[in-house]
Amino acid sequence: MAQSLRFLSPPPTVGIPSKLSHSVPPIPSLRRPFPCPRLRHAFSICAAASPSPDLGVVPLGGTAASSIDVDAVTEAELKENGFRSTRRTKLVCTIGPATCSPQQIEALAVGGMNVARINMCHGTHEWHREVIRQVRRLNEEKGFAVAVMMDTEGSEIHMGDLGGAASAKAEDGEIWTFSVRAFNSPLPERTIIVNYDGFAEDIRVGDLLLVDGGMVRFEVTEKIGPDVKCRCIDPGLLLPRANLTFWRNGRLVRERNAMLPTISSKDWLDIDFGISEGVDFIAVSFVKSAEVINHLKSYIAARCRDKEIAVLAKIESVDSLKNLEAIILASDGAMVARGDMGAQIPLEEVPSAQQKIVRTCRQLNKPVIVASQLLESMIEYPTPTRAEVADVSEAVRQRADALMLSGESAMGQYPDKALAVLRSVSLRIERWWREEKRHEAMELPVVANSFSDNIIEEICNSAAKMANNLGVDAVFVFTSTGHMASLLSRCRPDCPIFAFTSSTSVRRRLNLQWGLIPFRLSFSGDMESNLNRTFALLKARGMIQSGDLVIALSDQLQSIQVMNVP
């Protein structure tokens with residue numbers, strides 16, 4: 001595609017942008033040089049190309065054309081504190097017994113939850129369906145844009161449901177029985193059911209058995225047919241359906257694990273449930289290869305042609321680390337599942353693995369979630385350890401798209417406080433980054449230029465550089481599928497990105513990506529009309545004011561415009 005550079009006015013002299021206030025009349029034409037005395041400068045960089053495949057223009061007219069939807073919490077933050085105060089790192093909360101009521105879900109949304117995660121290891125389809133519908137109802141009635149992520153159980157070795165008990169405590173020195181036998185309820189004391197028949201055959205006396213990534217450890221002392229006797233050497237809390245791994249002579253034993261399918265028969269039933277309920281994301285556990293992701297995406301596409309569900313790969317096994325780049329390329333995003341990863345690789349290798357995964361996702365333009373044990377102590381205590389706060393801040397410094405609470409919000413005693421810690425630490429580290437002017441390096445590695453159409457990529461890179469150099473208040477991007485918005489997010493500009501899309505589902509999916517504030521707005525193929533109406537709607541709600549400096553992009557015109565809001 002040929003490209004051309006067209007200036008609508010001489011290069012600008014940038015003033016200090018003002019902050020937020022209230023509405024004023026919409027701007028006149030942005031296509032004429034200096035169309036308004038208050039518009040200090042406006043220029044456009046355009047690609048002489050046909051409209052991008054990312055474009056899906058929605059005609060103006062009717063009620064939808066005169067309205068704009070934005071997350072209620074973000075709107076309040078913008079009005080109160082201005083552009084620079086907005087949190088860029090997104091927050092994911094696992095919904096469980098501690099947070100499944102409508103009031104509790106709303107409290108999490110008010111506290112900053114961007115994505116609600118349901119864990120298919122626990123609960124029934126009826127229970128999860130009610131949670132999904134409560135989230136949807138909250139979005140419709142209260143103006144939120146909370147997305148729903150369904151996390152599959154995976155077919156790795158795991159415990160049973162503890163006979164219906166919520167948890168069990170293993171004390172130091174206690175002898176527990178791990179068995180593949182079927183027992184009548186209630187289970188014998190200190191007995192745990194294991195989910196596949198080959199368990200007793202693979203394990204040996206002297207092996208170490210790790211529960212839930214090493215939260216509890218046992219040493220195998222005796223094998224009696226299908227029963228394995230183990231002595232607790234690291235006490236802790238046993239939770240239903242926790243994963244099991246075993247080590248021999250300092251190495252992970254993988255014979256049966258490597259042979260198990262990534263997606264079990266139960267997972268396929270759960271996936272069908274997620275498709276029918278219209279979840280926004282499906283996170284696949286224990287991904288071994290890109291083929292699994294491609295197969296699942298084809299399966300989803302064949303069963304829900306009218307909507308898209310993003311597929312996230314959970315990176316938590318030796319196989320997933322070996323095939324990391326291919327898996328991430330095939331997926332729509334990734335999760336750094338550090339708990340199970342820490343049971344499959346040496347603990348000291350987990351930090352470098354996390355950094356590599358985050359960096360690879362960034363290079364390949366895929367959102368990445370850092371998960372597992374971020375604030376584990378807050379399951380029982382109202383304040384985190386200082387080490388946990390340092391861990392959270394490191395994930396924010398690595399520029400991960402999102403942080404995730406698991407047990408802290410699903411079953412913890414202080415879910416709201418745990419979410420507040422994630423939010424406050426994210427805001428503080430992001431502000432420190434800006435104060436230190438630690439701008440992102442825009443020259444990303446060669447792998448980042450592997451997209452089939454890199455015109456939009458180059459436009460987004462240029463827009464991010466301009467945003468940092470000019471100190472703009474926000475970047476506006478009009479996009480249908482969200483691709484252009486995600487490329488902007490990948491550049492991590494200093495200012496927030498206002499992503500306007502006509503699709504409700506795209507808006508929710510964009511809520512997982514760093515720095516994006518997704519709006520639902522119908523727009524036309526006329527960029528001037530889109531900007532006039534968008535400025536008017538945002539000013540009417542007190543979210544921008546005259547003099548604010550913005551960069552506007554459109555995947556339809558493949559253009560950049562820099563302007564002061566009139």
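Okay, some ground rules. Since the model is predicted, local features need pLDDT of at least 70 and side-chain atom pairs count only at pLDDT 80 or more, while totals for chains, interfaces and linings use all residues. Residues are numbered from 1 along each chain as its sequence is written, and side-chain values use heavy atoms, with hydrogens and water left out.

Let's start with the barrel. Eight strands close up in the order 4-5-6-16-17-18-19-20, with parallel pairing. From one strand to the next, the twist averages 25°. Strands here are DSSP E runs of at least two residues, helices are H or I runs of at least four, and both are numbered from the N terminus. Two strands count as paired if DSSP finds at least two bridges between them. Take strand 17 (residues 310-315) and strand 18 (residues 334-337): they pair in the parallel sense over three bridges, and Ile 315 stands opposite Val 336 in strand 18. Helix 11 (residues 350-363) packs on that sheet and touches strand 17, strand 18 and strand 19 (368-371). Its direction makes about 160° with that of strand 19; angles run from 0 to 180 degrees between N-to-C directions, with axes fitted to C-alpha atoms, for helices over the stretch in contact.

Ile 315 comes back when we look at the cores. A nonpolar core is a set of buried Ala, Val, Leu, Ile, Met, Phe, Trp, Tyr and Cys residues joined through side-chain atoms within 4.5 Å. Buried means under 20% relative accessible area, exposed is over 50%, and partly exposed is in between, with a 1.4 Å probe and protein chains only. The largest core has 75 residues, and those with the most contacts inside it include Ile 315, Met 341 and Leu 403. A second, separate core of 26 residues includes Tyr 196, Phe 218, Phe 246 and Leu 260.

Asp 401 sits in the loop between helix 12 (386-397) and strand 20 (402-405). So what does its side chain make a polar contact with? The side chain of Arg 492, at 3.2 Å. A polar contact is a pair of N or O atoms within 3.5 Å; within protein, one must be able to donate a hydrogen and the other to accept it, and residues adjacent in sequence count only if both atoms are side-chain atoms. A polar atom of the Asp 401 side chain also lies 3.0 Å from the backbone nitrogen of Val 368.

That partner, Arg 492, follows helix 16 and has a positive phi, near 50°. Helix 16 (residues 483-491) is mostly covered, with eight of its nine residues buried; among them are Met 484, Leu 488 and Cys 491.

Last stop, strand 24 (residues 549-554), where six of its six residues are buried. Leu 549, Ile 551 and Leu 553 point one way, and Val 550, Ala 552 and Ser 554 the other. Strand 24 pairs with strand 21 (residues 474-478) in the parallel sense over five bridges, with Phe 476 opposite Ala 552. Strand 25 (residues 559-564) runs antiparallel to strand 24, joined by six bridges, and Ile 551 stands opposite Val 562 there. The hairpin of strand 24 and strand 25 has four residues between the strands, and Gln 558 takes a positive phi near 50°.

Key:
Contact means heavy atoms within 4.5 Å.
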